[in-house]
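This briefing goes with the sequence and model shown below. The points are grouped by topic.

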Amino acid sequence: MGSIVHFELPTEDPTKSLEFYKKVLDWKFNQFGDKSYWLADTGNNSDNGINGAVTIKESLFKNPVIVMQVDDIKATVIKVEEYGGVVVSPINEIPNVGLVAYFKDPDQNVIGLIQDQPK
């Protein structure tokens, strides 16, 4: 079953967005490597909710994206295409994280998929 485990908020001005969420929601951020991608710590891990990230707005990522955890990303991508979705970013590996892919559902919403790297 796919569970929402992450979100991504696109921005044209990372400095402004990071400061906004720090001040408004008390989020904490850490840049992911040297990428224009800032991991958001949204609160105590024992509370309800999920963490996410702020990233640069691009043609694919114009609106917030939710990311779903799946057990088998290859099988899920096949189902996406079988049932009318379109893969917009094929399966890629993020070292020490896992496999990721993005698709558009039939209503053109961009959704992310992640399969954790085996421990």
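## Charge, fold and local features

The protein carries 11 positive and 17 negative side chains, and the centres of these two sets are 5 Å apart. The model is a predicted one.

**Overall architecture**

- Read from the N terminus, the order of elements in the protein is β-α-β-β-β-β-α-β-β-β.
- The radius of gyration is 15 Å, close to the 14 Å that the globule rule gives for 119 residues, so the protein is as compact as a globular protein of that length.
- The C-alpha trace spans about 45 × 35 × 30 Å along its principal axes.
- Of the contacts between residues at least 6 apart in sequence, 50% join residues at least 24 apart.

**Surface and burial**

- Buried residues account for 34% of the 119 residues.

**Salt bridge**

- Side chains of opposite charge can pair when their charged atoms come close.
- The structure contains one salt bridge.
- Its partners are the side chains of K23 and E19, with an N to O distance of 3.6 Å; the cut-off for such a pair is 4 Å.
- K23 and E19 both belong to helix α1, which covers residues 14-25, and because they are four residues apart there, about one helical turn separates them.
- K23 is exposed, at a relative accessible area of 65%.
- E19 has a relative accessibility of 35% and therefore counts as partly exposed.

**Positive phi at D26**

- D26 is not a glycine, yet its phi is positive, at about 60°.
- D26 sits in the loop that runs between α1 and β2, the latter being residues 28-31.
- With a relative accessibility of 55%, D26 counts as exposed, since the cut-off for that class is over 50%.

**Positive phi at Q108**

- Q108 is likewise not a glycine and has a positive phi, of about 75°.
- The loop that holds Q108 lies between β7 (98-104) and β8 (110-116).
- Q108 counts as exposed because its relative accessibility is 52%.

**Points to check in the viewer**

- Which two side chains meet in the salt bridge? They are those of K23 and E19.
- Where does D26 lie? Its place is the loop between α1 and β2.
- Where does Q108 lie? Its place is the loop between β7 and β8.

Definitions and conventions
Residues numbered from 1 in each chain as written. Predicted model: local features only at pLDDT ≥ 70, side-chain atom pairs only at ≥ 80, totals over all residues. Heavy atoms only, no water. Helix = DSSP H or I, 4+ residues; strand = E, 2+ residues; numbered from the N terminus. Rg over C-alpha atoms; globule rule 2.2 N^0.38 Å. Buried < 20%, exposed > 50% of the residue type's maximum accessible area, 1.4 Å probe, protein only. Contact = heavy atoms within 4.5 Å. Lys, Arg positive; Asp, Glu negative; His and termini not counted. Charge placed at Lys NZ, Arg CZ, Asp CG, Glu CD.
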